[in-house]
Amino acid sequence: MKPLLPVGEIAKGVLAGDRRSVAKAITIIENNASKAQELIASIYPHTGKAHIIGITGPPGSGKSTLIGKIIREYRRKGKTVGVIAVDPTSPFTGGAFLGDRIRMQELSTDQGVFIRSMATRNYLGGIARATKGAVKVLDAAGKDTVIVETVGAGQSEVEIIKIGQTIVVVCAPGLGDEIQAIKAGIMEIGDIFVVNKADREDANKAVMDIQAMLQLNNKEKKWRPTVLKTTALTGEGVSQLIEKIEEHKLFLEQELERNTSRGKAESELAEAIKEKVANSIIEELKSEGKFEEFLQKILEKKMDPASVAEKLLNEKFRKQVQKCQN
Ligand SMILES: Nc1nc2c(ncn2[C@@H]2O[C@H](COP(=O)(O)OP(=O)(O)O)[C@@H](O)[C@H]2O)c(=O)[nH]1
Ligand SMILES: [Mg+2]
């Protein structure tokens with residue numbers, strides 16, 4: 001066996017975007033909790049640049065096929081893509097991925113694409129945590145977009161998919177269980193709903209079913225989820241899906257900006273209030289002669305400024321409370 005590289009070396013490789021280091025880093029995250037922590041700590045400052053897309057839905061709805069097409073579309077736009085598939089039913093390593101092996105090879109030799117499937121076994125700290133770590137690795141490695149694929153069922157999947165900043169729920173007509181998948185808490189967190197296999201005739205009915213459910217769920221939301229149709233096999237509808245994803249990304253960026261300007265305004269207002277209140281209290285103390293009286297005590301070193309301030313304020317507020325009670 002080859003000697004193992006120290007974590008620091010692997011982290012350096014990840015930051016340089018080296019594929020093999022990325023693969024090793026994810027293996028560390030899967031297998032070694034203490035090393036994983038060290039690794040995450042060293043790459044963490046370089047994360048936060050990628051847009052993370054969560055793609056969920058029932059098995060067989062065509063998520064992996066669709067992701068193959070999404071990757072191609074992003075590559076055409078010159079963007080790099082990382083994929084973490086948490087899906088035991090159709091692992092990316094299997095033949096099902098992308099429909100055929102030729103296209104899979106095409107993608108696996110592309111340096112701008114990194115695909116990794118993670119089994120849903122018992123990871124230390126949980127699968128959601130391991131997935132989060134793997135996403136950070138791809139983010140730090142410079143991938144513009146990171147996609148997480150997961151089967152939409154059960155609470156742990158909901159946990160995983162929340163890693164995504166934009167959440168895409170993929171259903172297919174005639175699967176029967178699309179509504180169940182949506183019921184599992186995913187309806188509330190989906191940003192974009194996709195009815196894949198639009199080549200099937202009952203696709204429009206599925207679109208209407210989802211739209212009806214969305215209407216029931218119509219809590220005051222700033223982002224209105226939409227329903228799109230795709231045919232992953234041919235790629236039809238995929239560019240519209242990418243457009244919607246980009247629109248949601250822009251929405252998130254604008255929300256963030258609004259929130260930070262709100263935060264700034266909030267602290268400015270608090271500062272302004274503090275200044276006004278302090279000034280008016282000082283003025284009052286001066287007019288009462290208290291300020292001068294206690295200033296003298298400080299000059300004579302009988303009291304320190306902090307104790308004086310406390311005493312003055314205590315007296316002042318006791319008086320006010322008494323005023324109120326009368
Ligand atoms: N008719 C049709 N079949 C599709 C379409 N997209 C995927 N499939 C097929 O559906 C099956 C499941 O696809 P897969 O991508 O593995 O689904 P996943 O389990 O959601 O990842 C495969 O046999 C695909 O070839 C589509 O748009 N139309
Ligand atoms: Mg799949």
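Axes are lines fitted to C-alpha atoms, for helices over the stretch in contact, and the angle between two axes runs from 0 to 180 degrees between N-to-C directions. This report applies that description to a predicted model, in which local features need pLDDT of at least 70 and side-chain atom pairs count only at pLDDT 80 or more, while totals for chains, interfaces and linings use all residues. Residues are numbered from 1 along each chain as its sequence is written, and chains are lettered from A and ligands numbered from 1 in the order in which they are written.

## The chain as a whole

The chain contains 12 helices and seven strands. Helices (H or I, at least four residues) and strands (E, at least two) are DSSP runs, numbered from the N terminus. Of its 326 residues, 35% count as buried. A residue is buried if 20 or more other C-beta atoms lie within 10 Å of its own, exposed if 12 or fewer, and partly exposed in between, with C-beta atoms placed from the backbone. Two residues are in contact if their C-beta atoms, placed from the backbone, lie within 7 Å. Among contacts between residues at least 6 apart in sequence, 75% join residues at least 24 apart.

## Helix 2 and its surroundings

Helix 2 (residues 19-31) has 13 residues and reaches 19 Å from its first C-alpha to its last, close to the 18 Å expected at 1.5 Å a residue. The expected span is 1.5 Å times one less than the number of residues. The buried residues of this helix are Ser21, Val22, Lys24, Ala25, Ile26, Ile28 and Ile29. These buried residues pack against helix 1 (7-15), helix 3 (33-43), strand 3 (113-117) and helix 6 (127-140).

## Helix pairs

Two packed helices are described by the angle between their axes and the distance between the axes.

| Helix pair | Axes come within | Crossing angle |
|---|---|---|
| Helix 2 and helix 6 | 9 Å | roughly 160° |
| Helix 3 and helix 6 | 10 Å | roughly 35° |
| Helix 4 and helix 10 | 10 Å | roughly 70° |

Angles under 35 degrees count as roughly parallel, over 145 as roughly antiparallel, 65 to 115 as roughly perpendicular and the rest as oblique.

Helix 2 and helix 6 are therefore roughly antiparallel to each other. Helix 2 passes helix 6 in a right-handed crossing. A crossing is left-handed if the near helix is turned anticlockwise from the far one by less than a right angle, and right-handed if clockwise. From helix 2, Val22, Ala25, Ile26, Ile29 and Glu30 make the contact, and from helix 6, Ala130, Gly133, Ala134, Val137 and Leu138. By class, this contact between helix 2 and helix 6 has eight nonpolar residues, one polar and one charged. Here Ala, Val, Leu, Ile, Met, Phe, Trp, Tyr, Cys and Pro count as nonpolar, Asp, Glu, Lys and Arg as charged, and the others, Gly among them, as polar.

Helix 3, in turn, passes helix 6 in a left-handed crossing. Ala36, Ile40 and Ile43 of helix 3 meet Gly133, Lys136, Val137 and Ala140 of helix 6. The residues of the contact of helix 3 with helix 6 comprise five nonpolar, one polar and one charged.

Helix 4 (residues 63-76) and helix 10 (residues 238-287) cross at roughly 70°, which makes helix 4 roughly perpendicular to helix 10. Lys69, Ile70 and Glu73 of helix 4 meet Val238, Ser239 and Ile242 of helix 10. The contact of helix 4 with helix 10 has three nonpolar, one polar and two charged residues.

## Residues in loops

Lysine 197 lies in the loop between strand 6 (192-195) and helix 9 (203-216). Although not a glycine, lysine 197 has a positive phi of about 60°. Lysine 197 is buried, because 24 other C-beta atoms are within 10 Å.

Aspartate 202 is found in the loop between strand 6 and helix 9. With 13 C-beta neighbours inside 10 Å, aspartate 202 counts as partly exposed. Leaving aside neighbours within four places in sequence, aspartate 202 is in contact with Pro173 and Gly174. The C-alpha atoms of aspartate 202 and glycine 174, 28 residues apart along the chain, are separated by 7.0 Å.

Lysine 301 is placed in the loop between helix 11 (290-299) and helix 12 (305-325). Lysine 301 has a positive phi of about 65° although it is not a glycine. Lysine 301 is exposed, with 7 other C-beta atoms within 10 Å.
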